[in-house]
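Hi,

Could you take a look at the structure below when you have a moment? My notes on it follow.

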Amino acid sequence: MRAAAGKELTYRLPGGATMTTIVPPQGFRPQTAAPAAARAYGFDAPNNAKALAAWRAKYNGYRETIPSVPCLGPSGKSALRFAYSSNWGGYVATGHSNYNEVYDDQNIPTYSASCGSNSTAVAAPWIGVGGLHTGKLIQQGFVSGSSTTATQGASLWYEYLNPAHGNPPVYIGHTTKTGHVISQYMTYSSGKVGFHWYDRTAGSGWTPVTVSGLSSYYDGTTADYITERPLGFKLRKFSRQTLSAAGARYGSTFKNLFALPTTEEKLTTNGAASGAAMFTDTRSSATAFYQTWKRCS
């Protein structure tokens, strides 16, 4: 099926991983494709009729597929996190040991240069699994304000870390669509991780990415919904950003984010309760919260 109409690309990545992405033929639409055809191109389409209808509704308006092309960033870091952090802020779902899918919708905020140049100030919202209890973490998201990105729009990326390997983030594409809503979901199964990004506002999706060889990076004890100030950077000023339609799967059970046990990770200037908050988290529904920026550092 793939050979007849699509193009499969494979890349070797740091830490022993392999990335595969399949460029579907022009005119491919996941919302109208048969489930088997959608899965052949990396889309996680279910067979169950009711679940398939909901899945197709998520891709309503899908018009085009953008090839995902990997580009390595600077080396990453992984460390234990606590209720207060100097570089994480948001919510972490706990209470289970087998989180294997995480998802949300998130707007691309407007970023300001008031915190310094593109090379000194960064804001990076992401979803992922792990990171709270061990140094193992798999994550995906987008970033603005880095040396590779202007203040408007975002670069899309994923990353996998463990104590032995501080691998760099892998950038797969860029968008200038400030204000658009990006739908993301990430799945884990037997060492393979699927990463998905879809601009619901524009109807544009990037080719789903499958990365193999990640069993040593997987820690299923948390599902994460975070905005990060990477260590060594100021937190770039952003307009209000909302994480909505957020939830996770553990085993075969799907739950809304705030139907799960959660811990709020509070980003402060010194990583402790005595530090000033750098942004605030406000719950707005069972599946959503928004973040409001307060200071650069």
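Which element gives the most to the lining of the largest cavity? That would be β14, with 3 residues. Before I go on, some housekeeping: this is a predicted model, where local features need pLDDT of at least 70 and side-chain atom pairs count only at pLDDT 80 or more, while totals for chains, interfaces and linings use all residues. Residues are numbered from 1 along each chain as its sequence is written, and side-chain values use heavy atoms, with hydrogens and water left out.

Back to the cavity. By cavity I mean a set of points, on a 1 Å grid over the protein atoms alone, where a 1.4 Å probe fits but cannot get out; lining residues have an atom within 4 Å of a point. The count comes to 1 cavity of 30 Å³ or more, and about 40 Å³ of space lies in the largest cavity (a volume is the space filled by probe spheres set on the points, which are joined across faces, edges and corners). Its lining is made up of Phe 43, Tyr 59, Tyr 62, His 196, Trp 197, Tyr 198, Gly 205, Trp 206 and Pro 208. Two or more of these residues come from each of β14 (192-199) and β15 (204-206); strands here are DSSP runs of E, at least two residues long, numbered from the N terminus. By class, the lining has 7 nonpolar, 2 polar and no charged residues (Ala, Val, Leu, Ile, Met, Phe, Trp, Tyr, Cys and Pro count as nonpolar, Asp, Glu, Lys and Arg as charged, the others, Gly among them, as polar).

Next, the disulfide (a pair of cysteine sulfur atoms within 2.5 Å). The structure holds 1 of them, formed by Cys 115 and Cys 296 with their sulfur atoms 2.1 Å apart. The pair links distant parts of the chain, 181 residues apart: Cys 115 sits in the loop between β7 (99-107) and β8 (121-122), and Cys 296 in the segment after β23 (288-293). Both Cys 115 and Cys 296 are buried (under 20% relative accessible area, with a 1.4 Å probe and protein chains only). The link is left-handed, with -80 degrees about the S-S bond.

Last, an open sheet of 9 strands with mixed pairing, in the order β4-β12-β11-β10-β9-β17-β6-β21-β5 (two strands pair if DSSP finds at least two bridges between them). At its edges stand β4 (71-72) and β5 (84-85), each with a single partner strand, so one side of each has no neighbour in the sheet. Within the sheet, β9 (residues 124-130) and β10 (residues 137-143) run antiparallel, joined by 5 bridges. One example is Val 129, whose bridge partner in β10 is Ile 138.

Cheers

Note on methods. Helix = DSSP H or I, 4+ residues; strand = E, 2+ residues; numbered from the N terminus. Buried < 20%, exposed > 50% of the residue type's maximum accessible area, 1.4 Å probe, protein only. 1 Å grid on protein atoms, 1.4 Å probe; cavity = no way out; pocket = protein on both sides within 12 Å on 5 of 7 lines; lining within 4 Å.
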